[in-house]
Amino acid sequence: MKVCVIIPTFNESKTVPALVKKILAQNLSVVIVDDGSTDNTARIAQNSGARVIRNEKNLGKGASLIRGFKYALENNFEEVITMDGDGQHLPEDIPFFLRLAKFSDGDIFIGNRMSKTQKMPFIRILTNKFMSWIISCISGQEIPDTQCGFRLIKIGVLKRVALKTSKYETESEILIKAARMGFKVTSVPIKSIYSGQKSQINPLVDTIRFIKLILNEIWNTKL
């Protein structure tokens, strides 16, 4: 199976080298989509052995993921794994995703951090539970941790789902649209490392974007 690991980054030069090294050690391709970082993330990632796609200015996590998906489609990859670049996700968990994808009938495999939330910031627990409840209701499938960026997506999903957003809501958009098309979403228990990373999510602006996405999806259902 031809697998590509896509990591959107923004000013993550401290964590990217070790992340790339551990993924390359698993004989997987790594694509860093650098979202206009002002530090040396792109150069360091390239020196570490990753393929680097660079946005000249900050376009958003969703826009970076879409560029990575386009690269995977153009280069005939069969599965895509997405991870955050801040070191929160463990490359050691990748084999679990790959085995599940090989031996089950799922189409999207998404990390689930909600069974071990002891070190997760309290506000993030509340946000995750609320958003996961809404998205599960709309998509018709139970997804306990819809905000987790650690995922395996089979290429058939990316060929059919047209994404229109460009910020953090893109990760919710792909779940909702894929589930509504009949693609199966499977949760994978994972560990997460919280070492004081500052979230780049703007609570007000990104909540408004999320509400807009949900309203659009509800409106389209009525048409």
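**Exercise 1.** State which residues of helix 3 meet which residues of helix 7, and classify the crossing of the two helices.

*Solution.* K61, G62, L65, I66 and F69 of helix 3 meet T170, E171 and I174 of helix 7, where contact means heavy atoms within 4.5 Å. These contact residues divide into 4 nonpolar, 2 polar and 2 charged (Ala, Val, Leu, Ile, Met, Phe, Trp, Tyr, Cys and Pro count as nonpolar, Asp, Glu, Lys and Arg as charged, the others, Gly among them, as polar). The model is predicted: local features need pLDDT of at least 70, side-chain atom pairs count only at pLDDT 80 or more, and totals for chains, interfaces and linings use all residues. Residues are numbered from 1 along each chain as its sequence is written, and side-chain values use heavy atoms, with hydrogens and water left out.

Next, take the axes, lines fitted to C-alpha atoms over the stretch in contact, with angles from 0 to 180 degrees between N-to-C directions. Those of helix 3 (residues 61-74) and helix 7 (residues 170-180) come within 8 Å and cross at roughly 55°. Helices are DSSP runs (H or I, at least four residues), as are strands (E, at least two), numbered from the N terminus. The helices are therefore oblique to each other (under 35 degrees is roughly parallel, over 145 roughly antiparallel, 65 to 115 roughly perpendicular, the rest oblique).

**Exercise 2.** Describe the lining of the largest cavity.

*Solution.* A cavity is a set of points on a 1 Å grid over the protein atoms alone where a 1.4 Å probe fits but cannot get out; lining residues have an atom within 4 Å of a point. L65, F69, T82, G149, R151, I153, L163, T170, E171 and I174 form the lining. Helix 7 gives the most, with 3 residues.

Technical notes:
On a 1 Å grid over the protein atoms alone, a cavity is a set of points where a 1.4 Å probe fits but cannot get out, and a pocket is an open set with protein on both sides within 12 Å along at least five of seven lines; lining residues have an atom within 4 Å of a point.
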